[in-house]
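The stops below go from strands to aromatic rings.

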Amino acid sequence: RNIVKLSIISVNLNDSNGLRKTADSVFSQSFTDYEYIIIDGGSTDESVELIKAYSDKIDYWSSEQDTGIYNAMNEGIKVANGDYILFLNSGDWLADDNVLSYMFEQSDSEDIIFGDIMEIRSDGSRKYQKSLPVEKLTMANFYSNTHATVQHQASLIRRSLFDGGLYDESYRIIADIKFFIERIIMNNCSVLHIPLVVANFNKYGLSSNPSNWEKTIEERYRIFTEVLPPRIMKDYEILFQIKDSTLLEFIPFLEKTRGLNKLVFRIVSGIVKCYKIIYREN
């Protein structure tokens, strides 16, 4: 087994342009103690041709039909040899050429070392998505905003954390959130937050698609049901009633009025924030 410091895993399906951007950001890194793994889901576009063209820079790749993104990520974990794993899926790319070197200069002892992401929206606009600092990384934060906690695109995850189990493939959208809750909250693994943008994140994935919001909320509720003790789960159910259920009521309307989605989403977000303030005060 050829042990390296970092295994970078990219999952791809019919996104050759996105994969090229992802791979190029990996190959340009000043940090070199890594292996690069690409798990392709049997693409029918030019992805496989691109992978073959880059084969001298790729340590392992496969192209076969999978059952979903987490099935593909798990296949990457199984062949990974790194002390740490970074999931940088097709269409996401590292922020600059020195970001991995900088992260490992800060520490290489914590179980999870994570930074922030820059969201790249369909209209080309950008939004700095700052992750929560470690001292605020509590169960309450996973309750209220799973996407402001830890992002896998910006996280170096110790490979041994997966010895306790791979991603739960029964979750199609947020299995990584379940993994982080189990390891960080329930198992109390060591964590370090580095306040810098690690990766650019293209917002066209499963969890970012409005048509999947309802499924995402359902999966989050099931995660908490499975991992939380019953008395703590009751706290979440109170918050669910005043937050997630409010958003669920608006989803059918959002689907019917795509042209107004941005405006409506801002209004709904404002309502949710008001509910959260009221919940905290009571």
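Which residue in β3 is the bridge partner of Ile-39? Select Ser-62: that is the partner of Ile-39 in β3. Before going on, note that the model is predicted, with local features needing pLDDT of at least 70, side-chain atom pairs counting only at pLDDT 80 or more, and totals for chains, interfaces and linings using all residues. Residues are numbered from 1 along each chain as its sequence is written, and side-chain values use heavy atoms, with hydrogens and water left out.

Now select strand β2, residues 34–40. Strands (E, at least two residues) and helices (H or I, at least four) are DSSP runs, numbered from the N terminus. Seven of the seven residues of β2 are buried, so the strand is largely enclosed by the rest of the structure; buried means under 20% relative accessible area (1.4 Å probe, protein chains only). Tyr-34, Tyr-36, Ile-38 and Asp-40 cover one side, and Glu-35, Ile-37 and Ile-39 the other.

Val-11 stands opposite Ile-39.

Next, show the rings of Phe-31 and Phe-104, a stacked pair at 4.9 Å centre to centre and 20° between the planes. Rings of Phe, Tyr and Trp (its six-membered ring) pair if their centres lie within 6.5 Å, and planes under 30 degrees apart count as stacked. Phe-31 sits in the loop between α1 and β2, Phe-104 in helix α4, 73 residues apart. Both Phe-31 and Phe-104 are buried.

Definitions and conventions:
Buried < 20%, exposed > 50% of the residue type's maximum accessible area, 1.4 Å probe, protein only. Pairing = 2+ DSSP bridges. Phe/Tyr/Trp six-rings, centres within 6.5 Å; stacked < 30°, edge-to-face > 60°.
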